[in-house]
Amino acid sequence: MKTTNKIMCMAAALVLSAGAFAQDYEEEPFEPKLTIGGVAEVSARAWVDEDNRDSIGNMPVDAAPSLKLNFDYEGSSSIFTGKLKFNKDSLQKGNYKDILDEFKATAILDNWTLEAGKMRLVWGKTDKVHVLDNFNANDYSDFLIPDYNDRRIAEPMLRAVYATPFASNLKFEAVYTPVMTPDRLGTGCWTPSAVNTLTQNVEKAAGTALATALAAPATAPGNALVAASSAMTVKNVSALSSDSSILYPDTNKLKYGQAGFRTTFTVGSLDLGASYYYGHLKQPSFKALKFNSAMKSYLSAGSLSEDEKFLAYDKVQIFGLEGAFITPYWLLSLNSRFEVAYNMTEDTAGDDPFVHNNSVNWVVGFDRDLPIHNLNLNIQTQGKYIMNGKKIKDGLLKTYDVDADPNDCFMNNKIIVDITDTWNYENVKLDIKGIYGIERKDFILMPSLSTRVAGNMTITASGLYMWCKEEKDSEFVGWQTNSFAQLSVKYNF
């Protein structure tokens, strides 16, 4: 039985054991409750940039329906949650495991809370931007448009939380996942430039091998072995063109398991936390010197061993601190929060160009209700500092360094602003999000206006505008023509 299946069985066992515990010790009868609901949504998106229009000026339009079903069972000491998701990604793109979006069982036993299943977990106290939330990968198929939790990929997971009886605000938490899901990078117009470059290099190498194979004589008796080898190369090139997943490490193995510990507590008016995470970075690094040998091996044999692959997910340990507090009235009583993480890879010295250097990452921000209508202002800054930048800048293999920057800039800071307002008893909501990259001068604007009608139905008009000052230095290079306008209708039942 696979480890992930064992976790699913454990989730069911948790519900049953908690129910038995409740039967033995429950003093008053408790009526279990089952709730079934969901969300049906359809959206239409028009790509408004002139570069995307046809010869007579028509804008491309995409339509995307989706359906989510939620099942929640609440017992006296147990909770069961199941979520199903049906959309373009889970049905058309082959991500069928996403249909079971979440499957979680929770048992509450005195001071212990035990959870098991396929689940999402959020670590950190900042608002929808985190540097300590590392167990679940991100789905960037639709960039940053979905809400933070909606773009997180659920993971088979075990979790235990202990609330100390002598201090109600002191908790300890342990988490383990047997495997790791890497970040799902965008495709089509959202494909990252680094992936496009890698794809081009692979296609170039495969094309060269294919041309050589086709040029080999296939009829001469003495060249039978050459002809067979050429045929095999042609077959492998075709297979690689249709499915490039063979190039990526298989993270559905125990060696990619993740583990972490966290404690949260209160000191006066400060909510604080400290955490430790062990796992792997969820976006691959490129080991350039293995590329040619790996391509040669694959095109001749049709397979790659894990050691031969030129893409790798770096091991990482993350030490984190987090906090939330309200500033004094003379500092405007801001709802403030922060997260700070020290990412320690296996390249602590900073001299391995094929492994990411250690880094310090942070999010600091606040929100405040303004004395104007129902306005709320939320401002956060997200930053990263890559250590030992001089060794990257002066390295002999700088061109291939996974942390290299064209301007030798090893800082990356963003300001994230979110302004919201509501009308008509919160049935109408305006939300304007903006992201500005300080060093690279990228700018993203995401406005939306939603109106709740007919009780459970919501109509939302939204959009995205992206601007990059210098294409070659931009973090979002290749995406500057991806501006769009969108209209969606959502029904909650």
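**View 1. Phe143 is buried in this predicted model**. Its relative accessibility is 4%. Trp479 also counts as buried, at 11% relative accessibility. The ring centres of Phe143 and Trp479 lie 5.2 Å apart with planes at 80 degrees, so the pair is edge-to-face. Phe143 sits in the loop between strand 6 (137-138) and strand 7 (152-153), and Trp479 in the loop between strand 21 (457-468) and strand 22, so the pair ties together parts 336 residues apart in sequence. Ring pairs join Phe143 and Trp479 with Trp47, Trp190, Phe476 and Phe484 in a cluster.

**View 2. Arg45 meets Phe484 and Gln486**. The charged end of Arg45 sits over the Phe484 ring, 4.0 Å from its centre. The side chains of Arg45 and Gln486 make a polar contact of 2.7 Å. Gln486 belongs to strand 22 (residues 484-492). Gln486 is counted as buried because its relative accessibility is 13%, under the 20% cut-off. Leaving aside residues up to four places away in sequence, Gln486 touches Ser43, Ala44, Arg45, Thr460, Ala461 and Ser462.

**View 3. Trp112 and Tyr162 are one of 16 aromatic pairs**. The pair is tilted, at 4.9 Å centre to centre and 45 degrees between the planes. Distant parts of the chain are linked here: Trp112 in strand 5 (residues 112-119) and Tyr162 in strand 8 (residues 155-163), 50 residues apart. Trp112 is partly exposed, at 41% relative accessible area. Tyr162 is partly exposed too, at 25% relative accessibility.

**View 4. Helix 5 spans residues 291-301**. Its buried residues include Phe291, Ala294, Met295, Ser297, Tyr298 and Leu299. Gly302 follows helix 5 and has a positive phi, near 80 degrees.

Terms used: Residues numbered from 1 in each chain as written. Predicted model: local features only at pLDDT ≥ 70, side-chain atom pairs only at ≥ 80, totals over all residues. Heavy atoms only, no water. Buried < 20%, exposed > 50% of the residue type's maximum accessible area, 1.4 Å probe, protein only. Helix = DSSP H or I, 4+ residues; strand = E, 2+ residues; numbered from the N terminus. Polar contact = N/O pair within 3.5 Å; in protein donor to acceptor, adjacent residues only side chain to side chain. Contact = heavy atoms within 4.5 Å. Phe/Tyr/Trp six-rings, centres within 6.5 Å; stacked < 30°, edge-to-face > 60°. Lys NZ or Arg CZ within 6 Å of the ring centre and 35° of its normal.
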